[in-house]
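Take a look at the model below.

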Amino acid sequence: MSDDHTHVQEFFTARAAHWDARFPDDGPAYAAAVAELGLREGDRVLDAGCGTGRALTALRAAVGASGVVLGADLTPAMLAAAVRAGRDRDGLLVLADVGRLPLRTASLDAVFAAGLVAHLPSPAENLRELARVVRPGGTLALFHPIGRAALAARQGRQITPQDLRAEANLGPLLAGSGWRMTSYADEDARFLALATRLG
């Protein structure tokens, strides 16, 4: 496992037990972002970097009982917190690196990824892996429950031009990774970029 993965696991392991308590009001933002994915009954969707599984209930509601909901995360403690919250009832939880998913090519209709991009060790390569598992025409939602400026202020830092989530950087990054960005919103209340799988 690379140092990048070790750092990510250490960061989230230390915070897993209290993660949901730190962000108790995010539920409606997650539900609204999931709604914009345009999922249908019976679709197959992955929550990539699912953490404590806060999107799983909304994803299950969107795809119904006949759909497939997977939650993949690199940190066992986050998945354990998802189980304690009962979110494993809404989707199958998988301990996995989103850079090497144990899924067949084109096996999904969509991927939902909350707060993931900033933690990817190789963003272009990792987004290509997400594209691999999604059928052509499928969708990707890159989401955060607060916008870039609000997140930077919370963390006591400034937004830099190199920020991967800046529209000028994210569009080309997605395009080079098998996706076409179809919408982009960076507001105080949320960040949401939607993309369609090329092919």
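A polar contact is a pair of N or O atoms within 3.5 Å; within protein, one must be able to donate a hydrogen and the other to accept it, and residues adjacent in sequence count only if both atoms are side-chain atoms. This is a predicted model, where local features need pLDDT of at least 70, side-chain atom pairs count only at pLDDT 80 or more, and totals for chains, interfaces and linings use all residues. Residues are numbered from 1 along each chain as its sequence is written, and side-chain values use heavy atoms, without hydrogens or water.

Start at Arg 54. The side chains of Arg 54 and Asp 26 are joined by a polar contact of 2.8 Å. The Arg 54 side chain also makes a polar contact with that of Tyr 30, at 2.9 Å. Arg 54 sits in the loop between β1 (44-48) and α4 (56-63). Helices (H or I, at least four residues) and strands (E, at least two) are DSSP runs, numbered from the N terminus. Arg 54 counts as buried because its relative accessibility is 17%; buried means under 20% relative accessible area, exposed over 50%, partly exposed in between (1.4 Å probe, protein chains only).

Now move to Ala 106, in the loop between β3 (92-95) and β4 (108-114). Its relative accessible area is 31%, so Ala 106 is partly exposed. Phi of Ala 106 is near 60°, a positive value in a residue other than glycine.
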